[in-house]
Amino acid sequence: MKEMHKEVLSHYDIMTLAEGPGIHIKNVLNLVNESRHELNMNYHFDHQSISLSDRHVLNDDFQNLVKFKNVMSQWDKALNTQGWNTIYLGNHDFPRMVSRWANDAPEFRAAASKMLTTYLLSMRGTPHYYMGDEIGMSNIKFDDIGDYSDLMTLNWFHLTKVEGGDTQALLESHKITGRDNARTPIQWDNTHNAGFTNGKPWLTVNPNYISVNVAEQQNRAYSELNYFRKIVRLRKDNLILVYGSYELLHAEHTQLYDYTRSIDDKKLLVLLNFSDRPIDEVIPLGLQLGKLIINNFPDFDCCQKTFRLLPYQSVIIEIEIE
């Protein structure tokens, strides 16, 4: 890696990113510490393995928020003063983020998608966003093994079958965890094959393309796509969301993920409801709340002592520092 950096990478104004299975918080600086002159960032997998078996069969707590907060906070700490972190929830090898980490039910999908976008764009590190997630694309959830193309799912299914195992349990789990869920064609509009092709796509288009597509969201002010654009601009205009320190607040709360971002004399509070139930008494730990910066719902009932978060609601609020 040092030789490659010296002979190739150092000659260009570029960013380098490792896909590093086997890289964890204890050894990541051996790869991305700037003084080593190797790579800039690492793509870790610790959160992706929360409560999954070797064949990606789900356990009951696969969306355990306390475990998730701990993993992501530990990674922030590991790269607090050296190196630089990456923040991501999905890619071509993982399911759609709204299905894996939140809720893709029709009544929750849009809000949950925006909430996860708030998380990705308000954490310290470089956010990585997978194509289609900006419109809230969700898992297709195939019922038949014959609909899959991914060899990982196919091989695990046939191996489980040969062993006399529960193939139906594997299929049900892969409706959430299967990699093909992220590989269905991008949903451009509500025409045939979601406007992606007039031919036969490599995977079936998700049937919800009729309502979940770029064209429908393009000019709708409160769409998932325009919320994504809004918070990208917010991050670009507020370097506190890029470089500010991160402090986790209610580490053991099973619904709420809240933290502060601070730089110099500025501080922001981020509140994320990772559940389908309202949180009726969010207590901001004595913080003096200021201006509401962004909200994925039209309204937010806020006072200085307690306030309410709706299911999958997310807000960023300025904190007044005396």
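Okay, helix H3: its buried residues are Leu65, Phe68, Lys69, Val71, Met72, Ser73, Trp75, Asp76 and Ala78. Buried here means under 20% relative accessible area, exposed means over 50%, and partly exposed is in between, with a 1.4 Å probe and protein chains only as cover. Helices are DSSP runs of H or I with at least four residues, strands are runs of E with at least two, and both are numbered from the N terminus.

Before I go on, this is a predicted model, where local features need pLDDT of at least 70, side-chain atom pairs count only at pLDDT 80 or more, and totals for chains, interfaces and linings use all residues. Residues are numbered from 1 along each chain as its sequence is written, and side-chain values use heavy atoms, with hydrogens and water left out.

Back to H3. What do its buried residues pack against? That would be helix H2 (29-32), strand S2 (41-43), H4, H5, strand S5 (245-248) and strand S6 (256-263), with contact meaning heavy atoms within 4.5 Å.

Leucine 65 sits in H3, which covers residues 65-78, and it is buried, at 5% relative accessible area. Leaving out residues up to four places away in sequence, Leucine 65 touches His253, Thr254, Gln255, Leu256, Tyr257 and Phe274.

Now helix H9, residues 224-237. Its 14 residues should also span 20 Å at 1.5 Å a residue, and its end C-alpha atoms are 20 Å apart, which agrees. The buried ones in H9 are Glu224, Leu225, Asn226, Tyr227, Phe228, Ile231, Leu234 and Arg235. Their packing partners are helix H5 (109-122), strand S4 (126-127), helix H8 (214-218), helix H10 (240-243), strand S9 (289-295) and strand S11 (314-319).

On to the charges. How many salt bridges are there? The count comes to 19, where a salt bridge is a side-chain nitrogen of Lys or Arg within 4 Å of a carboxyl oxygen of Asp or Glu.

Here's a group I'd like you to look at. Aspartate 93 and arginine 179 meet in a salt bridge, 3.0 Å from N to O. Aspartate 93 is in the loop between strand S3 (86-87) and helix H4 (97-101), and arginine 179 is in the loop between helix H7 (167-177) and H8, so the pair ties together parts that are 86 residues apart in sequence. Aspartate 93 counts as buried, at 18% relative accessibility, and arginine 179 is buried at 17% relative accessible area.

Aspartate 93 has another partner: arginine 183, with the closest N and O atoms 2.9 Å apart. This pair also links distant parts of the chain, 90 residues apart, with arginine 183 in the loop between H7 and H8. Is arginine 183 buried or partly exposed? Partly exposed, with a relative accessible area of 23%.

Then arginine 179 pairs with aspartate 150 at 2.7 Å, N to O. Aspartate 150 is in the loop between S4 and helix H6 (151-162), 29 residues from arginine 179, and aspartate 150 is buried, at 4% relative accessible area. Through shared partners, the salt bridges join Asp93, Asp150, Arg179 and Arg183 into one network.

Zooming out to the chain. The secondary structure comes to ten helices and eleven strands. Buried residues make up 52% of the 322 residues. For 322 residues, a compact globule would have a radius of gyration near 20 Å, and the chain has 21 Å, so it agrees. That radius is taken over C-alpha atoms, and the globule rule is 2.2 Å times the number of residues to the power 0.38. Along its principal axes, the C-alpha trace spans about 65 × 55 × 40 Å. Of the contacts with a separation of 6 or more, 64% are between residues 24 or more positions apart.

Terms used: Expected span 1.5 Å × (residues − 1).
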